[in-house]
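Good morning, and thank you for joining. Please have the sequence and the structure open while I speak.

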Amino acid sequence: MAMAADQIETLIRAGIPDARVEIVDLAGDGDHYEARVVAESFRGQPRVKQHQRVYDALGGRMGTELHALKLSTAAPE
Amino acid sequence: MTDVRDRIETIVRDSDIVLFMKGTALFPQCGFSSRAVAILDHLGVAFQTVDVLQDPEIRQGIKDYSDWPTVPQLYVKGEFLGGSDIMMEMFEAGELKQLLDDKQVARA
C-alpha cells in the first residue's frame with residue numbers, strides 16, 4: 001500500500017498539465033509524502049477546489065494506496 | 001445512501017463547527033486529526049467531533065458528501081471548509097480566525 005514519489009508526480013502532472021510539483025518523502029517509508037503543487041490554473045480557485053483537483057488527478061488513490069499526503073497548493077506568485 | 005446524506009446534513013447543521021475525525025478530541029487516532037483538533041483548541045472555539053472509526057456508514061458517506069477523499073473534514077455552519085492541510089494553511093495565514101469571527105461561531 002505505498003506509492004513511489006515519481007508516480008505521484010506523474011499522476012498530478014497528467015491531471016493538471018500546467019502544474020509544477022515538488023514531492024518530499026517525509027518519513028522515507030514511501031507512504032508519507034508532502035506535495036507542493038503550483039499551477040497558474042489554480043488562480044482564483046478556492047483552496048478546496050485546488051486540493052480537489054489534485055485528488056482527482058490521483059484518481060481515487062488518495063486515502064487508499066496513498067495514506068498520508070500533506071498537500072499545499074498555490075498559483076504562481 | 002440518501003439516509004447517510006440526511007444524517008450528515010443534520011449533524012453539520014446542528015453545531016456551528018463540526019470536525020469529522022479519526023478518534024475523539026481527547027484521543028485522536030491519527031496525526032492529521034490530532035492537528036485539526038489542536039488548531040480548533042488553539043482558536044478557542046466550541047466544536048463537535050464525529051469519530052468516523054465508530055461509524056462505517058459515516059466514514060464512507062462523509063467522503064461522498066463533500067467529494068473529499070480523506071478525514072479529518074471541517075464544517076463551519078454547514079459548509080465544508082477542507083481537511084487538515086487547508087486548516088493549517090488558513091490558520092497560519094490568520095484566515096481561519098477571521099472566517100470564524102465573521103461567521104460568529106460559538107466560543108469554547
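This is a predicted model: local features need pLDDT of at least 70, side-chain atom pairs count only at pLDDT 80 or more; totals for chains, interfaces and linings use all residues.

Let us start with strand 2 of chain A, residues 32-39. Its covered face consists of Y33(A), A35(A), V37(A) and A39(A), while H32(A), E34(A), R36(A) and V38(A) form the uncovered one. Strand 2 of chain A pairs with strand 1 of chain A, residues 19-25, in the antiparallel sense over 7 bridges. In this pairing, V38(A) stands opposite R20(A).

Between strands 2 and 3 of chain A, the chain passes through helix 2 of chain A, in a right-handed β-α-β crossover.

Now to the interface. How many residues of chain B are in contact with chain A? There are 9, in contact with 10 residues of chain A. Helix 4 of chain B gives the most to this side of chain B, with 3 residues. By type, the residues on this side divide into 4 nonpolar, 2 polar and 3 charged.

Finally, helix 4 of chain B, residues 84-92, has as its buried residues S84(B), D85(B), I86(B), M87(B) and M90(B). These buried residues pack against elements of both chains, including helix 2 and strand 3 of chain A and helix 5 of chain B. After helix 4 of chain B comes G94(B), with a positive phi near 80°.

Conventions. Residues are numbered from 1 along each chain as its sequence is written. Chains are lettered from A and ligands numbered from 1 in the order in which they are written. A residue is buried if 20 or more other C-beta atoms lie within 10 Å of its own, exposed if 12 or fewer, and partly exposed in between; C-beta atoms are placed from the backbone. Helices (H or I, at least four residues) and strands (E, at least two) are DSSP runs, numbered from the N terminus. Two residues are in contact if their C-beta atoms, placed from the backbone, lie within 7 Å. Ala, Val, Leu, Ile, Met, Phe, Trp, Tyr, Cys and Pro count as nonpolar, Asp, Glu, Lys and Arg as charged, and the others, Gly among them, as polar. Two strands pair if DSSP finds at least two bridges between them. A crossover is right-handed if, with the strands pointing away from the viewer, the path from the first strand over the helix to the second runs clockwise.
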